[in-house]
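I am opening my notebook to record what I looked up in this structure, one topic at a time.

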Amino acid sequence: MGLVRHVVCAMSGGVDSSVAALLLKRRGYSVTGVFMKNWDSLDESGVCSAEKDCADAYRVCQSLDIPFHQVSYVKEYWHEVFSNLLKEYEKGRTPNPDILCNKHIKFNHFQKYAINTLGADAMATGHYARTSQEDEEVFQQPHSAPPPTLFRDRFEIRNPVRLYKGADLLKDQTFFLSQISQDALRQTMFPLAGLTKEFVKKIAAEAGFDHVLKKKESMGICFIGERNFENFILEYLEPKPGNFVCIEDGTVLGTHKGWFTLTLGQRARIGGQKEAMFVVDKDVVTGDVFVAPTTNHPSLFRDTVRTDRFHWLTVDPPPELVRTQMMECHFRFIHQMPLIRCALQRGRVSGQREDHPAGPQRIHSAEGPRAVGGSSRAAERAADA
């Protein structure tokens with residue numbers, strides 16, 4: 001008999017990870033399901049119940065007759081994701097916790113747990129994405145310790161693994177994977193890479209996974225659940241009231257409880273207005289939040305964005321960028337937002353003027369169907385279009 005490869009599958013209690021585990025078993029792998037608890041629901045009164053999700057994941061593993069484990073990263077999530085989240089909000093930015101969770105928890109702590117503690121040959125998730133590797137190539141990746149220095153040998157020969165969109169372009173989740181490490185990507189399998197969401201649901205139904213099929217799809221920040229975001233964030237940050245100010249004439253239109261409860265491009269809930277008002281800028285010193293009427297107001301658009309240092313999925317930046325200090329590609333700052341053509345130059349993303357308001361802070365760059373990396377926006381206020 002040939003060697004049976006051991007794959008640890010991250011189980012969330014949802015339909016995607018459940019089908020991912022099923023497909024891995026059908027391919028003949030020795031599969032272990034692991035549920036990650038990242039938020040202590042005992043401290044909150046929200047609907048997002050880790051216990052219910054864990055029970056659903058366990059039930060799937062039972063039906064597949066595979067081992068099940070539960071691991072807690074509540075402490076790590078608090079220090080490496082949520083604390084960072086609060087600090088960014090206080091600076092007036094809008095971080096994306098799913099990107100941070102993938103970078104610090106799932107494709108770092110969990111990946112090391114799967115490989116080093118459970119002895120897996122690879123880990124797998126239910127993300128809609130694919131890599132440049134075939135499954136067997138994942139198992140051939142050496143499990144080596146990181147170099148003792150910050151800089152690797154410049155002459156080291158590498159064939160970096162690349163991240164590509166999955167078959168279901170509507171469910172493409174490369175945006176959320178844009179900051180994971182190359183080492184984690186090398187040791188990860190995406191069983192749903194070639195499937196659409198509808199086909200995944202069909203597989204789940206045929207497998208009798210009715211209890212996960214009935215669940216609502218996870219949307220937004222899971223630890224907030226169905227609670228009002230403003231009420232939630234004000235449990236952790238001190239209210240800092242300020243004014244809503246019209247960008248056109250400086251008129252004070254109303255008040256808010258804190259600029260950190262609002263993001264650029266968001267509709268501002270201001271009573272007594274004939275037209276809907278949208279956030280175009282924030283002054284974290286005075287507390288003023290500037291708003292403009294309608295979604296087509298000129299102040300809502302940008303053609304230049306300044307970023308923090310980019311994270312390249314292949315470690316090294318693309319050769320074209322190194323050679324010319326500029327690269328033509330596409331970018332988005334919201335999941336499922338259409339990709340926009342842009343020029344990337346020395347930490348600046350210059351894009352076409354598009355009918356999309358300014359928005360959250362994570363920049364995701366792509367080259368054709370391939371994701372190349374991501375960054376966070378370094379400044380709220382960018383150059384006007």
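**Entry: helices α3 and α4**

I looked up how helix α3 (residues 74–90) and helix α4 (residues 97–117) lie against each other, and I found that their axes come within 10 Å and cross at roughly 160 degrees. The two helices are therefore roughly antiparallel to each other; for this label, angles under 35 degrees count as roughly parallel, over 145 as roughly antiparallel, 65 to 115 as roughly perpendicular and the rest as oblique. I noted that the axes are lines fitted to C-alpha atoms, for helices over the stretch in contact, with angles running from 0 to 180 degrees between N-to-C directions. The crossing of α3 and α4 is right-handed, and I wrote down the convention: left-handed if the near helix is turned anticlockwise from the far one by less than a right angle, right-handed if clockwise.

I then listed who touches whom, where contact means heavy atoms within 4.5 Å. From α3 the contact is made by Glu76, Tyr77, Glu80, Val81, Asn84 and Leu85, and from α4 by Pro97, Leu100, Cys101, His104, Ile105, Asn108 and His109. Sorted by class, this contact of α3 with α4 has 7 nonpolar, 4 polar and 2 charged residues; here Ala, Val, Leu, Ile, Met, Phe, Trp, Tyr, Cys and Pro count as nonpolar, Asp, Glu, Lys and Arg as charged, and the others, Gly among them, as polar.

**Entry: what I am looking at**

I remind myself that this is a predicted model, in which local features need pLDDT of at least 70 and side-chain atom pairs count only at pLDDT 80 or more, while totals for chains, interfaces and linings use all residues. Residues are numbered from 1 along each chain as its sequence is written, and side-chain values use heavy atoms, with hydrogens and water left out.

The secondary structure of the chain comes to 10 helices and 19 strands; helices (H or I, at least four residues) and strands (E, at least two) are DSSP runs, numbered from the N terminus. Buried residues make up 52% of the 385 residues in the chain, where buried means under 20% relative accessible area, exposed over 50% and partly exposed in between (1.4 Å probe, protein chains only). Among contacts between residues at least 6 apart in sequence, 67% join residues at least 24 apart.

**Entry: two residues of α3**

I went back to helix α3 for Leu86, which counts as buried at 11% relative accessibility. Not counting residues up to four places away in sequence, Leu86 touches Ile233, Tyr236 and Leu237. I also noted that the C-alpha atoms of Leu86 and Phe260 are separated by 9.0 Å, although these residues are 174 apart along the chain. Glu88, also placed in helix α3, is buried with a relative accessible area of 12%, and, leaving aside its neighbours within four places in sequence, Glu88 is in contact with Arg93 and Pro95.

Which residues of helix α7 (residues 197–206) are buried? I found Lys197, Val200, Ile203 and Ala204. Seen down the axis of α7, these buried residues fall within an arc of 115 degrees, so they line one face of the helix; the arc is that of the directions from the helix axis to the C-beta atoms. The face of α7 turned away from the buried side carries the exposed residues Glu198 and Glu206.

What covers the buried residues of α7 includes α1 (15–26) and α8 (210–213). I checked α1 and α7, which pack at an angle of about 70 degrees with their axes 10 Å apart, and that makes α1 roughly perpendicular to α7. Their crossing is left-handed. In this pair, Val15, Asp16, Val19, Leu22, Leu23 and Arg26 in α1 meet Lys197, Val200, Ile203 and Ala204 in α7, and by class the contact has 7 nonpolar, no polar and 3 charged residues.

**Entry: positive phi in loops**

Most residues other than glycine have a negative phi. Thr294, in the loop between β12 (289–293) and β13, has a positive phi of about 65 degrees although it is not a glycine, and Thr294 is partly exposed, with a relative accessible area of 31%. Val315, which lies in the loop between β14 and α10 (319–324), has a positive phi of about 75 degrees and is not a glycine either.
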